[in-house]
Amino acid sequence: MSFKPLTISPVNCFASLVIATAVLVGTGVSRVPQSTALQISGDATAQQGSENTTVQASESASATAQGPRVSPLGAPNELPNPYRPGVSWGQLPNRRKWGSTAGIAIGLDGNIWAIDRCGVSGSQGTNCADSPLDPILEFNPSGKFLKGFGHGMFVSPHKITVDKDGNLWVADNGLKDGRGQQVFKFNADGKLLLTLGKAGVAGPGTDTFDQPTEVAVAPNGDIFVADGHGRASTANARIMKFDKNGKFIKTWGKKGTGIGEFDCPHTLAFDSKGRLFVGDRQNNRIEIFDQDGRFIAEWKQFGRPSGIFIDKNDVLYVADSESRGGEEGYGYNPGCRRGIRIGSAKDGAVKYFVPDPAPPSADSTASEGVATDTAGNIYGAEFTMDVKKYAKK
């Protein structure tokens, strides 16, 4: 069955917000925080007196043209944008060009680490399998290339994580010639420290993955892996937990739409309380758990999460690179604009929105991976073969 997107008037936008909020609250599980709705109204008023009125009015008009003020699931499309337009970033060596990427992270020294699929477009493929290029790249904040490593080790690297000791974790969701379907831990010099999973083997066991996507490491060293980029009904869709030495502890989740279930757990992050935020992408939501897998909350007001970053002050950045209307199916999240929503990991309030300037597409646009430096600048890793930096206004 297919559905055509609705044309929604400003009056109906408000009605849709009220109805959607009432429905979500009534479930007892998912709701749009009241502060989010209040923020939308308050920020709209505040914009009128700002020195950037003309720019913000243009952004508002663009948002209105591409969707309602708030999506049916509660994601706001019109909030202040405190960032300048994104600019292509990163001076790759030897005239090399970015390939598709989904991963970017900030090192303890402030340098930026990025994943590059070896100059090739696409994902879940064999981008790096036969490439001599390094997929793990380090830059200083100005974009100067510092070093790279990892050539010959990966089939299709996905995301990258920096732990509290400065070590790097990279998930490989590709599969070719006995390689892929693993998670690797490196030190900052590129020395391999730990490997999880069986090379070239995809499966549902306690020592295998099926297209792992990202790693999050708890303060005590416990390792959490989001496992399941596959679309098949039998594909893995779970969180796997290991101790600091890689010994399996437990797993939770399965393919589905219910509480504690997943459909493409695509990104992970911890907040200051040690709660695990899971970007359950195909279900257009964030699910929050404690470290034993007990469900805490479900948030849909941040859009369709391709990437999640939480800073030390619990500011939550969520990159939505896929939301679309049109026919029901992959990426379907009608009325939700793509872009980066910024809010609070403490209460779920959405405060700012950096909209995707590209027109709606059936494919991915804008940031899929997201991270911020200490100055608050945003770095976005894009499937469409680029990394962009968003500087504060």
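# A salt-bridge tour

Start by selecting Asp222, Lys241, Asp290, Asp292 and Arg294: these residues are joined in a network of salt bridges. A salt bridge here is a side-chain nitrogen of Lys or Arg within 4 Å of a carboxyl oxygen of Asp or Glu.

Before you go on, know that this is a predicted model, where local features need pLDDT of at least 70 and side-chain atom pairs count only at pLDDT 80 or more, while totals for chains, interfaces and linings use all residues. Residues are numbered from 1 along each chain as its sequence is written, and side-chain values use heavy atoms, with hydrogens and water left out.

Stop 1: Arg294 counts as exposed, at 52% relative accessibility, and Asp292 is partly exposed, at 37%. (Buried means under 20% relative accessible area, exposed over 50%, partly exposed in between, with a 1.4 Å probe and protein chains only.)

Stop 2: Now pick Asp116 and Arg96. This salt bridge has its closest N and O atoms 2.6 Å apart. The pair links distant parts of the chain, 20 residues apart: Asp116 sits in the loop between β3 (112–115) and β4 (136–139), and Arg96 in the loop between β1 (87–88) and β2 (104–106). Are these two buried or exposed? Asp116 is buried, at 0% relative accessibility, and Arg96 is buried as well, at 14%.

Stop 3: Next, select Lys176 and Asp130, a salt bridge whose closest N and O atoms are 2.6 Å apart. Lys176 is partly exposed at 25% relative accessibility, whereas Asp130 is exposed at 60%.

**Last stop: zoom out.** Show the whole chain. How many salt bridges are there? The count comes to 22. Colour by secondary structure and you can look for 3 helices and 24 strands; helices (H or I, at least four residues) and strands (E, at least two) are DSSP runs, numbered from the N terminus. Of the 393 residues in the protein chain, 56% count as buried.
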